[in-house]
Amino acid sequence: MMIETLSSNKSFGGVQGVYKHASQETGTDMTFAVFVPPHAEGTILPVVWYLSGLTCTHANVMEKGEYRRVAAELGMIVVCPDTSPRGEGVPDDPEGAYDFGLGAGFYVNATVEPFAKNYRMLAYVTQELPAAIAENFPADMARQSIFGHSMGGHGALTIALKNPDQYKSVSAFSPIVSPLNCPWGEKALTGYVGPDKAAWRDYDACALIEDGARVRDILVDQGGADNFLEEQLKPHLLVEACQKAGIPLTLRMQPGYDHSYYFISTFMEDHLRWHGERLG
């Protein structure tokens with residue numbers, strides 16, 4: 001699988017690169033970032049996936065997430081995909097809203113036209129891009145973990161719950177824990193998957209847990225001053241689902257923190273160390 005290098009910079013002894021490839025799943029070129037830490041020749045390294053939130057690209061966490069120092073120390077590859085397909089002809093929200101269409105793929109495989117052709121971010125993130133990483137980087141694909149923020153936190157939780165053998169651990173910053181029960185989720189899942197809410201359950205972490213999906217444990221950090229806390233994020237629903245299912249959940253409410261990368265970068269090290277312990 002051919003990839004094109006768009007940029008490459010040395011950082012903390014490793015290499016922060018930005019790459020592009022032609023995606024079969026989305027029918028577009030896709031750009032992604034990969035940090036490879038310093039390592040001995042011939043060594044293969046665990047992979048941690050970071051999924052970004054609404055309006056973001058690969059660049060937001062790459063530029064603001066402050067993950068490289070710890071990733072270099074722990075010997076982790078960090079992969080940061082885009083949040084949606086992009087390019088000429090890719091459908092967008094007809095009103096240009098930020099919470100649907102470009103930059104808002106919600107990590108689903110869309111089934112509703114005109115989005116079904118391009119918006120296949122679930123397959124892209126879990127199948128196609130991992131194949132590209134395995135082929136082009138010193139990656140140990142038997143040791144993968146996943147985390148993300150907001151919409152990306154939703155993506156990380158649902159992907160891990162649906163693929164427990166693929167990911168050793170999962171965590172999230174301010175995740176959308178139940179798209180079935182918030183305006184962002186209702187809009188996105190109606191537009192991508194259709195009006196049948198039974199089909200939405202496959203993209204709702206709380207519903208997946210209720211329906212029997214399990215992971216080893218979960219770490220969530222949530223800012224107490226997050227403007228989206230009550231209407232969109234609703235972490236108490238994840239607490240209730242995990243308690244009923246017996247899934248150990250560490251939910252840390254962080255007073256005074258908002259929804260921004262100031263919050264994410266503050267607790268990034270904790271999450272990487274969490275994954276490092278579980279990746280071995």
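Biologist: How do you know how far to trust the coordinates of the protein chain?

Modeller: This is a predicted model, and its confidence score, pLDDT, runs from 0 to 100. The mean for the protein chain is 98, and 100% of its residues reach 70 or more. Confidence is lowest in helix α6 (residues 197–200), with a mean of 97, and highest in strand β4 (residues 45–51), at 99.

Biologist: Why is C56 called buried?

Modeller: The word applies under 20% relative accessible area. C56 has 7%, so C56 counts as buried. You will find C56 in the loop between β4 and α1 (59–64).

Biologist: What is C56 in contact with, leaving aside neighbours within four places in sequence?

Modeller: Contact requires heavy atoms within 4.5 Å. By that test, C56 is in contact with D82, T83, R86, G103 and Y261.

Biologist: Which residues does Y192 touch, not counting those up to four places away in sequence?

Modeller: Y192 touches F100, G101, A104, G105, F106, V108, A110, T111, V112, F115 and Y119.

Biologist: Why are the buried residues of α5 said to be on the same side?

Modeller: In helix α5 (residues 183–193), the buried ones are W184, G185, A188, L189, G191, Y192 and V193. They cover an arc of only 165 degrees around the axis, so they lie on the same side of α5. What covers these buried residues includes α6 and α8 (229–233). Just after α5, G194 takes a positive phi of about 110 degrees.

Biologist: Where does α3 bend, and by how much?

Modeller: The bend compares axes fitted to the seven residues ending at a position and the seven starting there. At L129 that angle is about 35 degrees, and a proline, P130, follows within four residues.

Biologist: Which elements do the buried residues of α3 pack against?

Modeller: They pack against β2 (14–22), β3 (29–36), β4, β5 (77–80), β6 (139–149) and α4 (151–162). Among the buried residues of α3 are M121, Y124, E128, L129, P130 and I133.

Technical notes: Residues are numbered from 1 along each chain as its sequence is written. This is a predicted model: local features need pLDDT of at least 70, side-chain atom pairs count only at pLDDT 80 or more; totals for chains, interfaces and linings use all residues. Side-chain values use heavy atoms; hydrogens and water are left out. pLDDT is the predictor's confidence in each residue, from 0 to 100. Helices (H or I, at least four residues) and strands (E, at least two) are DSSP runs, numbered from the N terminus. Buried means under 20% relative accessible area, exposed over 50%, partly exposed in between (1.4 Å probe, protein chains only). The arc is that of the directions from the helix axis to the C-beta atoms.
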